[in-house]
Amino acid sequence: MGEKRGFSRASFAERAWLAIEKPVNAVVTSEYNPFHYLGAISIFFLWIILVTGVYLFLFYDISARGAYLSVQSLTMRQWYLGGVMRSLHRYASDGLIITMLLHAFRCFVTGRYRHWRWLAWVSGAAMAWVIWIGGIFGYWMVWDERAKLIATLSARMLENIPIFGLPLSLNFARAGSLTDQLFYIILFIHFSTAFFLFILIMVHIARITKAVINPPRVVAYGIILALLALSFMKPAVSGSPAELKRLAEAVPFDWFFMFIFPFLNWVSERALWGFIVAITLVFASVPWLGRKKRNPPAKVTLENCTGCELCMEDCPYQAISMRKRTDGMPYPLEAVVVDKRCASCGLCVGACDYKAINLPDMPEDQVKDDIKRLVAELKEKGECGKVLVFACAKGPWIEGIKDGNGGLNGYDWARVVALPCIGMLQPSMLSMALDRGVDGVFIASCAEGDCHFRKGNDWLSGRLAGFRPPVVKKSLDRSRIGLQYLSSVEGDAFIKELTAFREGLKARS
Ligand code: HEM
């Protein structure tokens, strides 16, 4: 073990990103770090957009003449509520773009987009499109000079798609040609984006077990307060009313939604479409570009499977399902792995007490043999304060671990078992190490709220706390178990905490 599936050093981009997150962890702890909840925060923004949007709709006059006035009157006369709602709607939409981009970028730099995650990635790309379209049409609805500019430019773009018969910009050629019907269509498109988004979110998280769709309360309150503060300090307002006779005037630019239009200064509409389509295709195919070799999927050993469902419950990517027993054993169900969805993370192994599921390249017996070997090595040294470390391969990176054989250079009193995910750690592995004679077991998990396989460190904490089966025995002396959640850029903290843990053990003996 170790050679095949040892520690995997994070890429330079991932380390750079995690280094940016590190100070945030130091201030708010990694459990409440907003960077760990970017998808959930995006959904939270969507809720704000939906609620405030419904309120704005109640006062919106769907007509060419009334649209501007209705929005203006809501903003000015009802500034304390309608105006705030409008600002919240605007700033939550901008916030959504920011968190969505950060979320996608984070998934990319942390390598969370390949193989079994392709559906989330591709549906994410589709969501980006829908959000962008929704925002553009939202700006149309205000019908001020900025709306006129956006309408004219987007009409020019749309005319270049063959399915649109009439030149759309004719609508904006003369005051009389602008119909109420157009405003109904705009409203319909704007509203339907919310509908499509919620459908796409269902697809986005369809293969994710217990997806985190709500940020922690304190983060949600923080967002609401920040949006309210922004809304009072810089309320969203309209420009002057759109006048079709007047030449387009300079308008405030919203880069979040209007970033595409300046390109029309240099390229034709068709060329711009070509560029947008090409970028979208490249972006959507990222999961298949430069694909890495996959580790073999988990395998069920049917004669040991009791159909208890724990592996299915714990699988973070819904790669395990249960079916009717096929081998005549006296259990109603048996586990089946959907190979394509399997992340080979070993969380199912951590959930199984019966050796019924295994990673072919890292079977449970092999891990246990390693535990026995490493504990024996430590005992041979006879030192006081012998520690066996169970470390997440995606957790703290330390050069010393590189020997690949469980040694930790310069720390002779410790040996390391690297697991693909800390969720693979079975309670029986902990007991085995302690029963066989180490003074303590130190668990080096990845950062809280940021498991590469989503749930590994959560499930482990549940097992240690005794509420997630299979549980760590109550009789196991908890003071001999150390647990630290550290990201891959916290190698120094790992050494510090490990040494402190050992000192604690020595002091007690
Ligand atoms: C409004 C936009 C978006 C929302 C609301 C959203 C929401 C979410 C949520 C709730 C999760 C599950 C998090 C978890 O429990 O682990 C998730 C995962 C994911 N999202 Fe998004 N997302 C959005 C946009 C995107 C975009 C644009 C991309 C990339 C193109 C993307 C790629 C992914 C991937 C790859 C995962 C799986 C991560 C993993 O397996 O650990 N998402 N998203």
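Author: We begin with the ligand. Helix H5 gives the largest share of the shell around the ligand, 7 residues. Helices here are DSSP runs of H or I with at least four residues, strands are runs of E with at least two, and both are numbered from the N terminus.

Reader: Before we go on, what kind of model is this, and how are its residues numbered?

Author: The model is predicted: local features need pLDDT of at least 70, side-chain atom pairs count only at pLDDT 80 or more, and totals for chains, interfaces and linings use all residues. Residues are numbered from 1 along each chain as its sequence is written.

Reader: How many residues surround the ligand, and which are the closest?

Author: A residue is near a molecule if its C-beta atom, placed from the backbone, lies within 6 Å of it. Here 26 residues surround the ligand, and the closest are Gly-39, Ser-42, Ala-104, Ala-120 and Gly-124. At least two residues of the shell come from each of helix H2 (38–59), helix H4 (79–109), helix H5 (118–142) and helix H7 (180–204).

Reader: How is the shell around the ligand made up by class?

Author: Ala, Val, Leu, Ile, Met, Phe, Trp, Tyr, Cys and Pro count as nonpolar, Asp, Glu, Lys and Arg as charged, and the others, Gly among them, as polar. The shell around the ligand has 18 nonpolar, 5 polar and 3 charged residues.

Reader: Now the strands. What is the order of the strands in the open sheet of 4 strands?

Author: Two strands pair if DSSP finds at least two bridges between them. The order is S6-S5-S7-S8, and the pairing is parallel. Strand S6 (414–419) and strand S8 (481–485) are at the edges with a single partner strand each, so one side of each has no neighbour in the sheet. On average, neighbouring strands of this sheet are turned by 20° against each other, direction ignored. Such angles are taken between axes, which are lines fitted to C-alpha atoms, for helices over the stretch in contact; angles run from 0 to 180 degrees between N-to-C directions.

Reader: How many bridges join S5 to S6, and which residue of S6 does Leu-388 stand opposite?

Author: S5 and S6 are joined by 6 bridges and run parallel; Leu-388 faces Arg-415 of S6. S5 also pairs with S7 in the parallel sense, over 5 bridges, and there Val-387 has Gly-440 as its bridge partner. Strand S7 (residues 440–445) is in turn joined to S8 by 5 bridges, again parallel, with Gln-484 of S8 as the partner of Ala-444.

Reader: Which helix packs on the sheet?

Author: Two residues are in contact if their C-beta atoms, placed from the backbone, lie within 7 Å. Helix H16 (residues 491–508) packs on the sheet and touches strand S5 (387–392), S6, S7 and S8. The direction of H16 makes about 160° with that of S7.

Reader: Are the residues on the two faces of S5 buried or exposed?

Author: A residue is buried if 20 or more other C-beta atoms lie within 10 Å of its own, exposed if 12 or fewer, and partly exposed in between, with C-beta atoms placed from the backbone. In a regular strand the side chains alternate between the two faces of the sheet. In S5, Val-387, Val-389 and Ala-391 on one side are buried, and so are Leu-388, Phe-390 and Cys-392 on the other. For the protein, buried residues make up 38% of the 509 residues.

Reader: Which backbone angles deserve a look?

Author: Most residues other than glycine have a negative phi, and most peptide bonds are trans. Thr-29 has a positive phi of about 70° although it is not a glycine. Thr-29 sits in the loop between helix H1 (12–28) and H2, and it counts as partly exposed because it has 13 C-beta neighbours inside 10 Å. Gln-318 also has a positive phi, near 50°, and lies in the loop between helix H11 (310–314) and strand S2 (320–324).

Reader: Which residues does the cis peptide bond join?

Author: The cis bond joins Pro-469 and Pro-470, with omega about -5°. Pro-470 is in the loop between helix H15 (456–465) and S8.
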